[in-house]
Amino acid sequence: MIKLTMLSSAEKVKGQGVASAYRELVNLVDERLSDQIDMKINQWGKADITHYHTVDFPFYLSTFRKQTRGVRVGYVHFLPETMEGSLKLPGIARAVFYKYLISFYKRMDEIVVVNPSFIPKLTAYDIPEEKIHYIPNFVSKKTFYPLDQHAKQAARAEYGIRQDDFVVLGVGQVQHRKGVLDFIEVAKALPDVQFVWAGGFSFGKITSGYEELKKIYDAPPANVKFIGIIDRVKMNACFNMADLFFMPSYNELFPMAILEGMSAGVPILLRDLDLYEEILDGYYAKAVDNDGFIQAIQKLQGKGPEYAELQVKAANGAAYYSEDRLTEIWKDFYQQLVKE
């Protein structure tokens with residue numbers, strides 16, 4: 001029996017994808033691998049493997065107790081360059097935190113990245129490539145799945161959305177990096193479409209662009225609703241009330257919201273980013289700018305053949321990044337660490 005300790009504070013801050021990824025993995029181990037893995041959460045007993053999900057300072061200090069922590073596994077959800085446009089920190093504080101972040105990752109025996117594009121970036125920080133492993137995020141079908149028409153109608157009614165509207169949903173923290181300003185501009189150009197954003201200011205006033213975004217959040221265009229940070233147990237209904245999931249982010253890792261949308265059966269429209277190509281190519285529609293987004297939404301509004309094709313692509317993506325497939329990958333990974 002492998003003794004595995006999960007260390008995480010991700011769920012202390014609502015509305016962030018790191019918490020969703022952490023919860024999915026904990027549930028997977030608990031429900032599918034409990035006969036092989038004895039999992040403890042945020043405890044300090046002796047472990048064969050300690051899996052670090054967040055970079056808290058007490059966790060950093062624990063890395064020096066190598067005999068107690070066993071194999072130290074770091075889950076890399078962000079790097080200094082991916083945090084630009086997310087948080088507004090003073091120059092000195094930002095420099096210190098970025099240096100600390102890389103130091104934390106270097107304390108790990110093994111690193112897990114959720115996007116292969118991170119591998120060369122980590123090696124540029126002098127982290128050996130042989131220590132880095134790509135294991136993608138995933139979503140359980142128990143949590144995100146298509147609802148029947150009655151449940152979809154009920155979800156729309158809860159948020160004051162008309163049943164006959166074409167609904168475009170965005171999900172994530174309200175920050176510049178997520179492309180919220182572009183989401184608003186696209187909405188302005190399509191007044192007959194209902195746009196909904198689920199998410200808020202998870203980190204309050206230190207969010208990049210907080211003042212500008214808060215004004216829009218409090219007084220959005222007539223066809224835009226900001227519904228705030230939604231508890232994860234209610235997010236499946238949010239996805240199901242949408243006709244299209246639209247994420248115009250400029251910089252991402254492997255957004256859980258995309259997987260959640262696909263698992264709920266919702267077609268996906270994303271910005272054309274290089275980092276998506278290796279992990280999501282063939283599962284979504286893409287555009288490079290607001291004009292492209294507007295044209296794509298207009299084509300999909302009629303729910304013709306292109307829309308049906310995009311639904312199939314989303315379903316294929318959900319199947320590929322399913323809990324079934326990732327269970328075997330995580331089981332093999334943990335077992336190999338103990339053998340070595």
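Which residue in E10 does Val168 stand opposite? Select Val168 and you will find Leu244 across from it. Before going further, note that this is a predicted model, in which local features need pLDDT of at least 70, side-chain atom pairs count only at pLDDT 80 or more, and totals for chains, interfaces and linings use all residues. Residues are numbered from 1 along each chain as its sequence is written, and side-chain values use heavy atoms, with hydrogens and water left out.

**Stop 1: the sheet**

Colour strand E7 (residues 167-171) and strand E10 (residues 244-247): they run parallel and are joined by 2 bridges. Strands here are DSSP runs of E with at least two residues, helices are runs of H or I with at least four, and both are numbered from the N terminus. Two strands pair if DSSP finds at least two bridges between them.

Now show the whole open sheet, whose 6 strands follow the order E9-E8-E7-E10-E11-E12 with parallel pairing. Strand E9 (224-228) and strand E12 (285-287) are at the edges with a single partner strand each, so one side of each has no neighbour in the sheet. From one strand to the next, the twist averages 25°.

**Stop 2: the aromatic rings**

There are 26 aromatic pairs in the structure. Rings of Phe, Tyr and Trp (its six-membered ring) pair if their centres lie within 6.5 Å; planes under 30 degrees apart are stacked, over 60 edge-to-face, and the rest tilted.

Pick Tyr52 and Phe104, an edge-to-face pair at 5.8 Å centre to centre with 80° between the planes. Tyr52 lies in strand E3 (residues 49-52) and Phe104 in helix H4 (residues 91-106), so the pair ties together parts 52 residues apart in sequence. Both Tyr52 and Phe104 are buried, meaning under 20% relative accessible area with a 1.4 Å probe, protein chains only (exposed is over 50%, partly exposed in between).

**Stop 3: charges over rings**

Finish with Arg271, whose charged end sits over the ring of Tyr250, 3.9 Å from its centre. The criterion is NZ of Lys or CZ of Arg within 6 Å of the ring centre and within 35 degrees of the ring normal. Then jump to Arg325, which lies over the face of Tyr320 at 3.8 Å from the ring centre.

Methods:
Axes are lines fitted to C-alpha atoms, for helices over the stretch in contact, and angles run from 0 to 180 degrees between N-to-C directions.
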